[in-house]
Amino acid sequence: MQLEKAPTTTASLNGKEYLYFSGTSYLGVAFLPEFKELVFKAIDKWGTSYGSSRSANIKLAIYEKGETFLADFLQTGTAVTLSSGTLAGQFAIKTLSSFVDDFYFMPKTHPAILPKNAFPVFNDLKLHQSLKTLKNKKISIVLDGIAAFETGPFSFDFLDKIDVSNTIYLVIDESHSLGVLGKNGNGIAHLVPKRKNIKLIITSSLGKAFGVNGGVIAGDLSFINLIKKDNLFIGCAGMSPAFLEVFVNAQQIYRSQLLKLKSNMEYVFDHLKKNTAITIDKSYPAFFHSDEQIEQILFDKDILITSFYYATSAKKFNRIVLNANHTKEQLDVLIDSINN
């Protein structure tokens, strides 16, 4: 199905209005008047794009300001922005591949950070045998902050079983956790054990909860400097400066919307937690239904959800998404339609 206009909490399809519980606009900022006003002001100041290398002699101040803000927000040494989250993930993996000995991946890792020839962290639910015996190696473990078909982050307890003589570059794609989880929406990185041998690298899209096109890589200064020296980075234009300024200036809007989203999540959880066909958590705005026909069932009740075959799974992906702007009346329609 193709929509002729961007959806909000509703969508128009073939002249008919449907309730919209899809997409990734968790905070629902894209159509807020106060958010659009920030966008208009930023475009007036910076234009719609800036087509120059980030390494050129003439630089825009918003990049340093925005990336300093992001590093503080994500509690990392530094950060760099790119035009998309996918590009951010690919830059991080490309750079790591130049010096790590092996890559390992957690289940359902997004293709943007999934290296070739990587080993699974777990085999038959047990830690990969090589991770139990490795010593004095540089390895990278990649994972999504919230993986496909999951409603909460993975436990990091498995890191306790890896010898401390190894340096672990832990890459977390926070695209679906930033803006939603953590203090003021700063993700799940705070759950990672604070150890000298664990080097945290965050990659993320800013186009999900935060509603601005762009991506970010955050980590320590030495790693981010390697990114900046990459010939491909030197040759590509950066994230839209206008959208980066919007991100910095919209923090109060994000916090306010997050409070509304939390209220919606708790309300839906309280009404669906006993439904055995549902996988749901009160702290996450997306949940899953086990019936592969649920898309059509809800469509017949004038409700649109996300449904497709995900890249890392043979199972159909039936994802029902809440955002901060859904009203209690809209949520009640969804709840009744699912429970009945």
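Visitor: Before we start, what should I know about the model and its numbering?
Guide: The model is predicted, and local features need pLDDT of at least 70, side-chain atom pairs count only at pLDDT 80 or more, while totals for chains, interfaces and linings use all residues. Residues are numbered from 1 along each chain as its sequence is written, and side-chain values use heavy atoms, with hydrogens and water left out.

Visitor: OK, what is the order of the 7 strands in the open sheet?
Guide: The order is β3-β11-β10-β9-β8-β4-β5, and the pairing is mixed; strands here are DSSP runs of E with at least two residues, helices are runs of H or I with at least four, and both are numbered from the N terminus. Two strands pair if DSSP finds at least two bridges between them.

Visitor: Which strands stand at the edges?
Guide: They are β3 and β5 (119-120), each with a single partner strand, so one side of each is left without a neighbour in the sheet.

Visitor: Is β3 buried or exposed, then?
Guide: Strand β3, residues 78-82, is mostly covered, with 5 of its 5 residues buried, where buried means under 20% relative accessible area, exposed means over 50%, and partly exposed lies in between, using a 1.4 Å probe and protein chains only. In a regular strand the side chains alternate between the two faces of the sheet. In β3, T78, V80 and L82 lie on one side and A79 and T81 on the other, and all are buried.

Visitor: How many bridges does β3 make with β11?
Guide: β3 and β11 (residues 215-219) pair in the antiparallel sense over 5 bridges, and the partner of L82 is G215. β11 also pairs with β10 (residues 198-205), again antiparallel, over 4 bridges, with S204 partnered by V216.

Visitor: Switching to helices, at what angle do α3 and α5 cross?
Guide: The axes of α3 (residues 85-96) and α5 (residues 221-229) come within 10 Å and cross at roughly 100°; axes are lines fitted to C-alpha atoms, for helices over the stretch in contact, and angles run from 0 to 180 degrees between N-to-C directions. The two helices are therefore roughly perpendicular, a word that covers 65 to 115 degrees, whereas under 35 is roughly parallel, over 145 roughly antiparallel and the rest oblique.

Visitor: Which residues meet there?
Guide: F91, A92, T95 and L96 in α3 meet F223, L226 and I227 in α5, with contact meaning heavy atoms within 4.5 Å.

Visitor: And what is the order of the open sheet of 6 strands?
Guide: That order is β1-β2-β14-β15-β13-β12, with mixed pairing. β1 (10-13) and β12 (278-279) stand at the edges, each with a single partner strand, so one side of each is left without a neighbour in the sheet. Helix α10 packs on this sheet, touching β1, β2, β12, β13 (286-289), β14 and β15 (316-321), and its direction makes about 85° with that of β2.

Visitor: Which residues of the chain is Q330 in contact with?
Guide: Q330, found in α10 (residues 328-339), is in contact with T9, T10, L19, F21 and N325, leaving aside neighbours within four places in sequence. The C-alpha atoms of Q330 and L19 are separated by 7.3 Å, although these residues are 311 apart along the chain.

Visitor: Last one: why does S307 count as buried?
Guide: S307, which lies in β14 (residues 303-309), counts as buried because its relative accessibility is 18%.
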